[in-house]
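Subject: Structure handover

Hello,

Here is the structure for your files. Please open it alongside this note.

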Amino acid sequence: MGGTAGTEELVRPETDFSPERLAAANIHPDTWLATDYLNHFNEVVMLIDMLPMMPDCAPDVVAWQPCSYVDHFRQSHFKERDLAIAAYEASDPERRRAFDDTVARIDAAMADLQHMILDAPMDALPIEALSDLSEMRIKPLLAHAMGLINGAPVAAMVTEDTGDAQSAVDALFG
C-alpha cells in the first residue's frame, strides 16, 4: 500500500490512502470503497418503485445497463474518481471479491426484472412481480453492498433465489 521508511518507493498523491484523504473524498477510510457507486443502482430502483404509478418509466428501466465500479468512476464527474479507482483496486481482496459478487447478483436480478418487463404483454406490466423482485432481491443486495462499503463484516449474502427470469415469467403467465 503506501511506502515505508527506508525503502525507495515514493508515495505519490494518487496512492495516498490516508484515512483523512479518503474520508475527505467520501471514500470509506477502512474499506476504501465509495458509496457513490451505488447511485448507479439507486436511480433505477427509484424508477422501479415508480412503475405502479408511472408505467411509462418501464423503457428507462429496460435501458439501464450494468456498469462496473471502475467504469462507473471512469465515466463520472466524481472529483476524486482516480482516488476512488486506486483505492478500490488496492482494497482488501476478500472484501472486494464479496462486493463484486454482490454487484454481480444485483446485475443478474436487474436483468431478470428487465426480462420480465420485455416479456410482459404490452398493456399489462406485471407490477406486483416486479415490485416483489425489487423488494426481495435487489434491495437486500443493495443493502448488503452498502454494508460492505461501510465496514460490515465480510460475509456471503444469504438469499432465497426465486429462480431465473424465465421461471418467474412462466409462473406469471402460465
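This is a predicted model: local features need pLDDT of at least 70, side-chain atom pairs count only at pLDDT 80 or more; totals for chains, interfaces and linings use all residues.

Residues are numbered from 1 along each chain as its sequence is written, and side-chain values use heavy atoms, with hydrogens and water left out.

Helices are DSSP runs (H or I, at least four residues), numbered from the N terminus. The axes of α2 (residues 39–50) and α7 (residues 127–149) come within 11 Å and cross at roughly 160 degrees; axes are lines fitted to C-alpha atoms over the stretch in contact, with angles from 0 to 180 degrees between N-to-C directions. The two helices are therefore roughly antiparallel (angles over 145 degrees). On the α2 side, Phe41, Asn42, Val45, Ile48 and Asp49 meet α7 residues including Leu130, Ser134 and Ile138. The residues of this contact divide into six nonpolar, two polar and three charged (nonpolar is Ala, Val, Leu, Ile, Met, Phe, Trp, Tyr, Cys and Pro; charged is Asp, Glu, Lys and Arg; polar is the others, Gly among them).

In α5 (residues 81–90), Leu83, Ala84, Ile85, Ala86, Ala87 and Tyr88 are buried (under 20% relative accessible area, 1.4 Å probe, protein chains only). The buried residues of α5 pack against α1 (19–24), α4 (69–75) and α6 (93–119) (contact means heavy atoms within 4.5 Å).

The largest nonpolar core has 46 residues, of which Phe99 and Ile138 touch the most other members; such a core is a set of buried Ala, Val, Leu, Ile, Met, Phe, Trp, Tyr and Cys residues joined through side-chain atoms within 4.5 Å.

Regards

Terms used. Angles under 35 degrees count as roughly parallel, over 145 as roughly antiparallel, 65 to 115 as roughly perpendicular and the rest as oblique. Buried means under 20% relative accessible area, exposed over 50%, partly exposed in between (1.4 Å probe, protein chains only).
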